[in-house]
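User: Hi! Could you walk me through this one with me?

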Amino acid sequence: MRYLPLTETDRREMLGVIGAKSVDELFRDVPESARREGLVDLPRRKGELEVERIFSRMAAKNVAAGSAPFFVGGGAYRHHVPAAVDHLIQRSEFLTSYTPYQPEIAQGTLQYLFEFQTQVAMITGMDVANASMYDASTGCGEAVLMAHRVTKRRKAVLSGTLHPQYSAVVKNLSDFAGYKLEIMAPALPDTVEDIISHITDETSCVVVQTPGFFGELHDLRPIAEAAHAKGALLIAVVPEIVSLGAVTPPGEMGADIVVAEGQSIGNGLNFGGPYVGLFATREKYVRQMPGRLCGETVDADGKRGFVLTLSTREQHIRREKATSNICTNSGLCCLAFTIHMSLLGEDGYAQLARINHAAAVSLAEKLASVPGVEILNKAFFNEFTMRLPKPAAEVVDALADKGVLGGVPASRLLPGVKGVEDLLIVASTEINTDADRAAYQAALKEVL
Amino acid sequence: MSGMNKQGRPTSIGGGSAEGARETFTGNKALQVEEPLLFELDNPGACGVDLDEPAEFTSHLGNFERQGQIGLARVSEPEVVRHFVRLSSKNYSIDAGLYPLGSCTMKHNPRLNEKVARLPGIGDVHPLQPQKTVQGALELMHELSHWLKELTGMPGVALSPKAGAHGELCGMMAIRAALTARGEGEQRTRVLVPESAHGTNPATAALLGYKVDAIPATKEGRVDLEAFKSKLGPDVAAIMLTNPNTCGLFERDIVAIADAVHEVGAYFYCDGANFNAIVGRVRPGDLGVDAMHINLHKTFSTPHGGGGPGAGPVVFSEALAPFAPLPYVVHDKDGFRLVETEDEASADGTQPFGRMTAFHGQMGMFVRALSYMLSHGSDGLRQVAEDAVLNANYVLASLKDDLSAPFEGPCMHEALFDDRFLKGTGIETLDFAKAMIDEGYHPMTMYFPLVVHGALLIEPTETESKQAVDLFIATLKDLARAARSNDKDRFTGAPYMSPRRRLDETAAARRPVLRWAPPAPAQAAE
Amino acid sequence: MSDIRFTDQHEWVRVDGDIATIGISDYAQEQLGDVVFVELPEVGKELAAGDEAAVVESVKAASEVYSPVSGEIVDVNGDIEATPAGVNEDAMGDGWFIKLRLSNPGELDKLMDEAAYSEFVEGLQ
């Protein structure tokens, strides 16, 4: 077996040193009833070539996003990732290292985490960010628990702007942890007053997503003001991090915690994961923040270096009193984010956002000209919602048959919700060409 | 007060004489190059991407247009590449050397796995594409589920948990859901957790509102069966047990434990972090386990990536399988289908407890893990467990007279030592570990498990050759000899030769600096 | 110094009139290592003996400090919040945590005196 260096001779010699006759002796603590003599009923070992063929066969049964005019969003976005990113993250020293528990020989990881935290704090307009969460949906759950700790209240309000699967994740966590939750119905386009009316003296936090699930940009300022007046926190959720290159960051609109999905920068679609959750907050709440944190310090020679810090919040020390049970971050995905963001820089990030917005505006104009199509958004970034004269799920299927991946039917994520069957959520990014948009327009005309 | 310094380790910089190395003008040492922070490389006007100006368009951003600068560094591609390459040179990695972190399973990460994960038909697929356009992706998930179920002898699986701790949470939620379904959700308030458990176990139980009740260990490093039985009762929801346990030992009484747990109507959660020791040889389902997470980044070789991403699928017994969370894949005459909603699930006859994450889990990790499984096959996987256990026992047998071992062997996949061999030397476990860095090794896990004083937990894994393990053993023997012969500076000041020497964690925690900030502008001249 | 009392959880309490000053013992600060953070309760809060009064953290440990006696908090030591090192430097003096107005002075009798605590600590080593 190509991955196993021990030879039969090695094994014999080693058993001799151990003083065991066979390897079976080493398993003697296993109760007899559970010892398996034969092999598990699965295929035998395979060479590289054969394994590669198996995956190529499976891959061929998927429509790769890059092989078709592609307009699917809903919390995951296809962007161009510069070639340097994937090359650098595959360096052994990044790819095959563990969590930086020995900082003397993990400064590479620690320094990029420090740079990542800085980038995230900057683009969200917040004071501090952690070294990432699994993804935005689980980050939302953690943010709500954090708000409960900060406010010592136990009831959160989830606005209808929130991605329905993020809501489902928060609901699941809250239900099991015994916290109260108010989940507002999905609404388009403008829900600010409605959200404010749900904030009471019992509310620990209100969760608002912008761009919202339907792509609409929301004004967080009045919501922040109303929340703070009642002693509640505003959790802002950003599902598409490219948006912050063009729109006002939540930190400037009064958010207390920002949760964002960082997949768009540096990370591929990967059928839903791994992604990278961004998590930022105000300085005063840092000790209530979940997840790993990297901090600056000096070494014994007085040289600048970095360590994981404030780890008394975490499970390996606090055990049942930890702020969270999480022990992993999304290391390599945050490295990909950091490298891509470094390549973009101040000017590239803003320009990328501008191109995305232009792409979506151009697509919206084209599709609005198709008879029966109505664009519902007032303000949007690179994603918008249109009402169709037919059920959106059928339309998306018909479009796929014509080789266009046309978006996310709202009903897929809001099953059983009335009035959303004819809504289609459509995203356009820098990857789309004029020809892609023209193909979409033509296909949609035919399908309707 | 509660909970003293459980890890018993110094927290500020130790003593030791300064190094007599030659100073250089740059501060660099040949291949070791000092690298500034990205933000200190900022060069206005530079950019690492070329993006064209879009055609004329009308903004639809409303009044949300960003005002003002963000502060991101402006750097060209060659500078970015050099920056990150230089940073990478400051990391230890499994590709570069033996990485004996106990309970972390730092094994070789096959590059084939990276290659197949990057096939466009696999990596470049959106989670919300129409299902007919992702049949291969669903087939892959289904196939992985099949392997996990066969290897564990358990009939149910949830793929979506994002890492081990998330898997634990998922498993415990399924347990709560099953108890609630039979009307005992409220009455069962306690979860039993051995003292030697990973910190995530009590943290997970507490998150769900359970009272955590610690089970003591015996002198042999295993669960005290009598003490455990005395804690059982109608208010117990579950036991959370790691097996092989965190001392690297197989719980001999595990079947009796499972029986006793089931007898009082509770469930058996097994922390599968150490599955590598038994894969292909023992099936947790045959031990009476009801739920177990599997760290794909441990047993199934998906890269640790400097701390993630991981993946923590959970397998379930017959009793818990119907409560597994959304989504899951089914295969029927029409092909593969993703069950994403409660309605679809109830039509399917299941009662999922909810949803752990948006979308379907860590697909990128599923591919790599399945590639690893297919490469090994049933025969190779069994060999994995055997070689992992053989390497660990070889380390234990070779070092037991030089270091001190608290428990009798055989061990499973990791060998545990304590700090008795350092008694009277003035050297602590931490110092001993740091001296290993100068010898070119990543230290083993230290101060865990907590049941042993000054623990040193060594997990060589099956992907180390005998030659590599022999050199490692010889190095530790030499270090132990040096410790006993009063060569204290070699330890207390270590490491001397790494990119950084010991870092001041106390200073970092007292005045947290968690981000770079631009230097304060110089005061304008009057 | 004879009016000082200790708990087996390594808190100390010193009484002056009806005001009790509470901190952690020298042994406790040594075991914790460098203290990096202290979280103190609000003045005015009522505590029963055994209630959690404060949290003290080193880099590698976090501990709850329990009140040895019952009463209302009348003062907290802001200095150690700003400079946690003060706990290491003078745990038994300037490194105090809270002051309480005693509501049940009888509770003091259940605590160890200095000699008993010294013996207790020796037994731990």
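User: What should I keep in mind about the model and the numbering?
Analyst: This is a predicted model, where local features need pLDDT of at least 70, side-chain atom pairs count only at pLDDT 80 or more, and totals for chains, interfaces and linings use all residues. Residues are numbered from 1 along each chain as its sequence is written, while chains are lettered from A and ligands numbered from 1 in the order in which they are written.

User: Thanks! How many residues of chain B are in contact with chain A?
Analyst: 169 residues of chain B are in contact with 169 residues of chain A. Two residues are in contact if their C-beta atoms, placed from the backbone, lie within 7 Å.

User: And which element gives the most on the chain B side?
Analyst: That is α11(B), which gives 21 residues to the side touching chain A. Helices here are DSSP runs of H or I with at least four residues, strands are runs of E with at least two, and both are numbered from the N terminus.

User: How do α1(A) and α11(B) cross?
Analyst: The axes of α1 (residues 8-18) of chain A and α11 (residues 363-399) of chain B come within 9 Å and cross at roughly 40°. Axes are lines fitted to C-alpha atoms, for helices over the stretch in contact, and angles run from 0 to 180 degrees between N-to-C directions. α1(A) and α11(B) are therefore oblique to each other; angles under 35 degrees count as roughly parallel, over 145 as roughly antiparallel, 65 to 115 as roughly perpendicular and the rest as oblique.

User: Which residues meet there?
Analyst: From α1(A) they are R11(A), M14(A), V17(A) and I18(A), and from α11(B) they are L390(B), N393(B), Y394(B), A397(B) and S398(B). By class, the residues of this contact are six nonpolar, two polar and one charged.

User: Now the glycines. Is G305(B) buried or exposed?
Analyst: G305(B) counts as buried because 29 C-beta neighbours lie inside 10 Å. A residue is buried if 20 or more other C-beta atoms lie within 10 Å of its own, exposed if 12 or fewer, and partly exposed in between, with C-beta atoms placed from the backbone. G305(B) lies in the loop between β6 (291-293) and β7 (314-316) of chain B. Leaving aside neighbours within four places in sequence, G305(B) is in contact with L95(A), G331(A) and L332(A).

User: And what about G354(B)?
Analyst: G354(B) is partly exposed, with 19 other C-beta atoms within 10 Å. G354(B) sits in the loop between α10 (342-347) and α11 of chain B. Not counting residues up to four places away in sequence, G354(B) touches A168(A), K171(A), N172(A), D175(A) and P325(B).

Conventions
Ala, Val, Leu, Ile, Met, Phe, Trp, Tyr, Cys and Pro count as nonpolar, Asp, Glu, Lys and Arg as charged, and the others, Gly among them, as polar.
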